[in-house]
Amino acid sequence: MSAQVILNPPRASNASKPAPSILIAPMSLDDIPAVMAIERASFPRPWPERAYRYELTENPQAYFVVARAHERPTAQMMPRPGWQRLAQRFGLQRRDSAQFTPYVVVGFAGMWMHVDEAHIATIATHPDWRRRGVGQRILINLLREAQRRHARVVTLEVRVSNFAAQQLYRKYGFEEVGRRKAYYQDNREDALLMTIVHFDTPEYRAQLDELERRLRPAE
Ligand SMILES: CC(C)(COP(=O)(O)OP(=O)(O)OC[C@H]1O[C@@H](n2cnc3c(N)ncnc32)[C@H](O)[C@@H]1OP(=O)(O)O)[C@@H](O)C(=O)NCCC(=O)NCCS
């Protein structure tokens with residue numbers, strides 16, 4: 001199923017419709033137009049489209065995902081029960097019924113693995129979807145993948161002025177460990193270097209479990 005580039009969230013006019021559910025899925029080439037729309041709305045110096053093509057097709061160290069807002073499935077949207085049973089039996093789709101419903105891409109992120117370090121290269125939520133837990137869901141997915149790949153540390157850079165992103169990262173245990181002078185070319189702003197220092201510990205795993213448990217269902 002390819003992504004639509006319609007990015008408007010449910011508004012008052014369609015408030016009677018069921019709320020969407022958020023699913024994090026691997027980014028595909030079909031997602032790139034929607035990702036580029038969010039990229040341009042989120043960053044002063046957007047990555048070019050070819051950068052995403054490269055990450056998805058040529059960089060084995062890359063792990064890129066999108067957040068999809070799925071309509072909650074209605075009876076008509078669901079595949080016939082027989083088909084779903086067969087699909088499950090042969091592992092064709094996950095059980096999650098949201099897989100089968102139309103969706104819009106509302107956020108994305110990318111991470112690179114270098115030996116035992118996971119580096120979060122980019123993350124963004126569409127402006128119309130912010131403060132609804134999308135960024136947290138994406139970040140949790142990246143951190144779980146970093147755990148799965150036995151990362152010992154997770155790093156990222158963030159603009160000193162980007163308070164919203166810093167708050168998100170601090171909530172998930174990132175600490176400031178350094179500063180890169182004039183890191184951003186557009187305005188020569190400094191970057192904070194942030195890491196989760198004790199990522200590979202039972203304490204952090206418990207902290208992440210708890211944060212994930214507390215995350216309310218998307219509104
Ligand atoms: C940073 C960003 C990805 C957060 O996405 P989001 O979907 O709004 O995040 P969530 O709704 O999951 O918020 C998670 C936490 O982030 C923090 N946060 C997010 N936006 C915030 C804001 N405007 N002010 C203060 N804290 C904020 C809060 O701690 C929030 O937790 P809370 O809701 O319990 O207070 C989003 O603001 C964005 O896309 N920004 C532009 C791109 C960008 O700067 N990316 C980071 C590059 S380093």
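Predicted model: local features only at pLDDT ≥ 70, side-chain atom pairs only at ≥ 80, totals over all residues.

User: What volume does the largest pocket have, and which residues are the closest to its centre?

Analyst: Rolling a probe the size of a water molecule over the atoms shows where empty space is left. A pocket here is an open set of points on a 1 Å grid over the protein atoms alone, where a 1.4 Å probe fits and protein lies on both sides within 12 Å along at least five of seven lines; lining residues have an atom within 4 Å of a point. The volume, the space filled by probe spheres set on points joined across faces, edges and corners, is about 1,500 Å³ for the largest pocket. Of its 46 lining residues, I123, A124, N162, A165 and Y169 are the closest to the centre.

User: Where does R131 lie, and is R131 buried or exposed?

Analyst: Most residues other than glycine have a negative phi. R131, although not a glycine, has a positive phi of about 60 degrees. R131 counts as exposed, at 85% relative accessibility (buried is under 20%, exposed over 50%, partly exposed in between, with a 1.4 Å probe and protein chains only), and lies in the loop between β4 and α4 (helices are DSSP runs of H or I of at least four residues, strands runs of E of at least two, numbered from the N terminus). A182 also has a positive phi, near 45 degrees, and counts as partly exposed at 24%.

Notes
Residues numbered from 1 in each chain as written. Heavy atoms only, no water.
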